[in-house]
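This briefing is for a reader who has not seen the structure before. Please look at the sequence and the model first, then read the points below.

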Amino acid sequence: MRIAICDDEPLMKKELKEEIDAYFHSLDVLTTCYSSGAQLLAAFEKIKYDAVFLDIEMDGLNGQIGRAH
């Protein structure tokens, strides 16, 4: 399973990655972290993820859908 974490706060990325890695410790899970929505979209061209944890409030592309800024 491939999991992506996208958050602009380093501490949040680190803590979430640690939680996911601990939870799936015995399974074949690859967790990758990104600092922006643009980085995540660029990675999606080469890697397909099974799950994405996306920060709702980030500069640029973020987890908010249908809201004008």
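The points below cover the overall layout, the strand pairing and the cysteines.

The model is predicted: local features need pLDDT of at least 70, side-chain atom pairs count only at pLDDT 80 or more, and totals for chains, interfaces and linings use all residues. Residues are numbered from 1 along each chain as its sequence is written, and side-chain values use heavy atoms, with hydrogens and water left out.

**Overall layout**

- The chain holds two helices and three strands; helices (H or I, at least four residues) and strands (E, at least two) are DSSP runs, numbered from the N terminus.
- Read from the N terminus, the order of elements is β-α-β-α-β.
- Of the 69 residues in the chain, 26% are buried, where buried means under 20% relative accessible area, exposed over 50%, and partly exposed in between (1.4 Å probe, protein chains only).
- The chain has an accessible surface of about 5,200 Å², and carbon and sulfur atoms contribute 56% of that surface; the areas come from the Shrake-Rupley method with a 1.4 Å probe, and for residues only the protein chains shown count as cover.
- Among contacts in the chain with a separation of 6 or more, 57% join residues 24 or more positions apart; a contact means heavy atoms within 4.5 Å.

**Strand β1 and its partners**

- Strand β1 spans residues 2-6, and four of its five residues are buried.
- β1 runs parallel to strand β2 (residues 30-34), with five bridges between them; two strands pair if DSSP finds at least two bridges between them.
- Ile 5 has Cys 33 opposite it in β2.
- β1 also pairs with strand β3 (residues 51-54), again in the parallel sense, over four bridges.
- Within β3, Leu 54 is the bridge partner of Cys 6.

**Cysteines**

- The number of disulfides is zero, a disulfide being a pair of cysteine sulfur atoms within 2.5 Å.
- Cys 6 is buried, with a relative accessible area of 1%, whereas Cys 33 is partly exposed at 30% relative accessibility.
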